[in-house]
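Trainee: I would like to learn how to read a protein model, one feature at a time. Please give the general idea of each, then the case at hand.

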Amino acid sequence: MLAESHDEEQIIARVAALDIGKAEVVCCVRVPADGASGRGLQEVSTHSTMTQLLTELANHLVELGIERVVMEATSDYWKPVFYLFEAHGLQPWLVNARDVRHLPGRPKTDVLDAVWLCKVAERQMLRPSFVPPVPIRRLRDLTRYWIDLIGARTAEKNRVENSSRMRASSFRWWRGYFRGVRTRDDGRVDQRRA
């Protein structure tokens, strides 16, 4: 026997969506109207990706009481915006463009894309991509920097070794010293550590 279902539509009342490019960010904000008409207000604006203007945008979204900021970007252009909004106490969500592309009705321009993304986010039809928490991000940055330093050190050692090889045996002592091993005058490795 079929029974009536009273499902309430899960709608986020105050949501913003960002379409992030290299030079500009298109922002669409949807908030409920003051009256009981059930209609909402929508604002679409374009902002530069300069830090000061992004800070002004974040402050504006905080003043409006935005509950969730959904952003879509290609490449790494999302990172400064995400981190800045997170620092302002907003709840940013990064959505994968591949996941968003599969939803029907996707427009082609940046402005229409931001509006459509905002409507889809309002109805909670998106899921966020994984962005690690701040301590994990710091650890990742540190380990990547460490790997880069090791790579630079190895490249420099190889450069010096190749340079000394071209100058024959006159730099044999330098190569051994640089590698951390002493060499004798005849080129054999001394068992004592440098």
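The talk below goes through the fold, the cores, the salt bridges and the surface.

Mentor: This is a predicted model: local features need pLDDT of at least 70, side-chain atom pairs count only at pLDDT 80 or more, and totals for chains, interfaces and linings use all residues. Residues are numbered from 1 along each chain as its sequence is written, and side-chain values use heavy atoms, with hydrogens and water left out.

Trainee: How many helices and strands make up the secondary structure of the chain?

Mentor: Helices (H or I, at least four residues) and strands (E, at least two) are DSSP runs, numbered from the N terminus. Here there are 6 helices and 7 strands. Starting at the N terminus, their order is β-β-β-α-β-α-β-α-α-α-α-β-β.

Trainee: What share of contacts joins residues at least 24 apart?

Mentor: A contact means heavy atoms within 4.5 Å. Taking contacts between residues at least 6 apart in sequence, 52% join residues at least 24 apart.

Trainee: What percentage of the residues in the chain is buried?

Mentor: Buried means under 20% relative accessible area, exposed over 50%, and partly exposed in between, with a 1.4 Å probe and protein chains only. Of the 194 residues in the chain, 30% are buried.

Trainee: Which residues of the largest nonpolar core touch the most other members?

Mentor: A nonpolar core is a set of buried Ala, Val, Leu, Ile, Met, Phe, Trp, Tyr and Cys residues joined through side-chain atoms within 4.5 Å. The largest one has 23 residues, and those touching the most other members are Leu 18, Ile 20, Leu 61, Val 69, Met 71, Val 81 and Phe 85. Two or more residues of this core come from each of strand S1 (15-20), strand S2 (24-32), helix H1 (51-64), strand S4 (68-73) and helix H2 (78-87). H2 gives the largest share, 5 residues. Take Val 81: leaving out residues up to four places away in sequence, Val 81 touches Leu 18, Ile 20, Val 25, Leu 54 and Met 71. There is also a second, separate core of 16 residues, which includes Ala 17, Cys 28, Val 70 and Ala 114.

Trainee: Asp 19 is in strand S1. Is Asp 19 buried or exposed?

Mentor: Asp 19 counts as buried because its relative accessibility is 10%. Beyond its neighbours within four places in sequence, Asp 19 is in contact with Glu 24, Val 25, Val 26, Glu 72, Asp 110, Asp 113 and Ala 114.

Trainee: Which residues are buried in H4?

Mentor: They are Asp 113, Ala 114, Val 115, Trp 116, Leu 117, Cys 118, Val 120, Ala 121 and Glu 122. As for length, the expected span of a helix is 1.5 Å times one less than its number of residues. Helix H4 (residues 110-122) has 13 residues and spans 18 Å from its first C-alpha to its last, close to the 18 Å expected. Just after H4, Gln 124 has a positive phi of about 55°.

Trainee: How many salt bridges does the structure hold?

Mentor: A salt bridge is a side-chain nitrogen of Lys or Arg within 4 Å of a carboxyl oxygen of Asp or Glu. The structure holds 3. In one, Arg 30 pairs with Glu 122, their closest N and O atoms being 3.1 Å apart. Arg 30 is in strand S2 and Glu 122 in helix H4, so this pair ties together parts 92 residues apart in sequence. Arg 30 is buried at 18% relative accessible area, and Glu 122 is buried at 10%.

Trainee: What links Arg 137 and Glu 86?

Mentor: Their side chains meet in a salt bridge, 2.6 Å from N to O. Arg 137 is in helix H5 and Glu 86 in helix H2, 51 residues apart, and the pair links distant parts of the chain. Arg 137 counts as buried at 11% relative accessibility, whereas Glu 86 is partly exposed at 31%.

Trainee: Where do Glu 156 and Arg 159 lie?

Mentor: An α-helix has 3.6 residues a turn, so residues three or four places apart point the same way. Glu 156 and Arg 159 are both in helix H5, 3 residues apart, about one turn of the helix. Their side chains form a salt bridge (2.6 Å, N to O). Glu 156 is partly exposed at 36% relative accessibility, and Arg 159 is partly exposed at 49%.

Trainee: Which residues form a nonpolar patch on the surface?

Mentor: Patches are made of residues with over 30% relative accessible area and no salt bridge; like charges are joined within 9 Å, nonpolar side chains (Val, Leu, Ile, Met, Phe, Trp, Tyr) within 5 Å. Accessible areas come from the Shrake-Rupley method with a 1.4 Å probe, and for residues only the protein chains shown count as cover. Tyr 145, Trp 146, Leu 149 and Ile 150 form such a patch, with about 440 Å² of accessible area together. Ile 150 lies in helix H5 (residues 134-166) and is partly exposed, at 32% relative accessible area. The chain exposes about 13500 Å², of which carbon and sulfur atoms supply 53%.
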